[in-house]
Amino acid sequence: MRRERDPLVVGRVIGDVLDPFTKSVSLRITYTNGCREVSNGCELKPSHVVNQPRVNIGGDDLRTFYTLVMVDPDAPSPSDPSLREYLHWLVTDIPATTGANFGQEVVCYESPRPTAGIHRFVFVLFRQLGRQTVYAPGWRQNFNTREFAELYNLGLPVAAVYFNCQRESGSGGRTRRE
Amino acid sequence: MASSKVVTTSPDLPRQSSICSLSTIIAELQQNDTSKTLGSISMDELLKSIYSSSEPIPNQTQTVDGGASISRQGSLSLPKEMSTKTVDEVWKEIVAGSDQRHVGMGEGLEEMTLEDFLTKAGAVREEDVRGVSTVVVGPGIYDVDSGINGADQFPMPTESVEGSSLLPFGKGVDGRVVEAPAATRRVRRRAMEEPVDKATQQKQRRMIKNRESAARSRERKQAYTVELESLVTHLEEENARLLREEADYNKERLKQLMENLIPVGEKLRPPRMLRRVHSMQW
């Protein structure tokens, strides 16, 4: 069996949220609450991700703008993702080589608070064709990144990274309903 | 509950009719089978076959009674469900068994449809009972071992035949690839009134959810490992590159310093005078 070498595919981010793409721009997400840089599949606690992270985008031309989306495809629980995907953050018009502070925060950062199971939280970076007005969706749940990209002509992502997060006290134990 | 959710994707149809559609697919497949024997059939072909077979047949709602009458009915909910739950359809195909072997299953497939299938399984009559034998060791999946272990428990429940038909699905749950046996497997329909059934169904549901959770966990672990491995190779390369650069830089610097030193070294000390010319005599 061919070993899959892309953690995004193994973690099924490509599939559940995104289509296969080629990474072309560097994307570094760092939660300063503990100097934790996000690497695919790493586990962070809700207390670490309370505040929005520092975002560093690559690229070379300050005139190119990027959109950053953060979604939770496992809302409300990975075994029953009826609210897939839950939009946590949406920033547009980020100039290359800068960070999210330089862009337009269309949907403000909502701190992840998983209640059931271990959720994946995905950051996706799209390249914009130019500066564009992006309208915030009416609600955060049932967001569809693919459709969003199509709607605003963003094409395929240029970078993505994800981390896992579960309840502060862990996900084990029986729930009372059974 | 996930099972109920799947059913509601076809809201205008009563539950039984979607069950009916399941067996209709079986019937359809049987009729259209000749072209699809053996070999691996891609998911796309499967879906196409479902749609092509379902289109000409009008909507019908049925109650789940005589298996014979149901098997002749057209399937309806498929096109609707297509847009949202194509994977479910494929799953039903697999359930139908037929002569298909490999079916790639999308994510989340097992999470909803297997549960759904099992709850329906109690209500759908099995038309042909075949041995479970060839099932499975569904390879192609990273994690079959747990599936195999779990399968042993499957035949325990009272629905014996159902247990046999469930066996392969149990194994298939935690993997993305399900291997249907060469022999066709049907779903057994049975009256739902017995409370014993419900208890065992609950158990099965829980077992499935556990399996899925285990599969997700393995996936997570593997994704993390892959990421770390790639990070390691990347960092090693960078490290080697940087070390080389540093060495080169140091060499260059040393060379430059040497060049600057030499002229100083070659400068002669002022020649000694034998006569006192630099000091004054009082």
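**Close-up views of a predicted two-chain model**

View 1. Helices (H or I, at least four residues) and strands (E, at least two) are DSSP runs numbered from the N terminus. UniProt, in an unreviewed entry, gives residues 225-260 of chain B the feature "coiled-coil region"; such annotations may be inferred rather than shown by experiment, and their positions follow the numbering used here, with feature names shortened. The model is predicted: local features need pLDDT of at least 70, side-chain atom pairs count only at pLDDT 80 or more, and totals for chains, interfaces and linings use all residues. Residues are numbered from 1 along each chain as its sequence is written, chains are lettered from A and ligands numbered from 1 in the order in which they are written, and side-chain values use heavy atoms, without hydrogens and water.

**View 2. Chain B as a whole.** Chain B contains 9 helices and 2 strands, in the order α-α-α-α-α-β-α-α-α-β-α along the sequence. Of its 282 residues, 46% are buried (under 20% relative accessible area; exposed is over 50% and partly exposed in between, with a 1.4 Å probe and protein chains only).

**View 3. An aromatic pair in chain A.** Rings of Phe, Tyr and Trp (its six-membered ring) pair if their centres lie within 6.5 Å; planes under 30 degrees apart are stacked, over 60 edge-to-face, and the rest tilted. Over all chains, this rule gives 6 aromatic pairs. One of them joins Tyr31(A) and Phe163(A) edge-to-face, at 5.8 Å centre to centre and 75 degrees between the planes. The two residues are 132 apart in the chain, Tyr31(A) in strand S1 (residues 27-31) and Phe163(A) in strand S9 (residues 159-165). Both Tyr31(A) and Phe163(A) are buried. Ring pairs connect Tyr31(A), Phe121(A), Phe123(A) and Phe163(A) as a cluster.

**View 4. The largest nonpolar core.** A nonpolar core is a set of buried Ala, Val, Leu, Ile, Met, Phe, Trp, Tyr and Cys residues joined through side-chain atoms within 4.5 Å. The largest has 27 residues, and those with the most contacts inside it include Tyr31(A), Trp89(A) and Phe123(A). Strand S9 of chain A supplies its largest share, 4 residues. Apart from this core lies another, of 25 residues, among them Leu8(A), Ile14(A), Leu154(A) and Val226(B).

**View 5. The surroundings of Phe123(A).** Leaving aside residues up to four places away in sequence, Phe123(A) touches residues including Leu27(A), Pro53(A), Met70(A) and Val161(A), where contact means heavy atoms within 4.5 Å.
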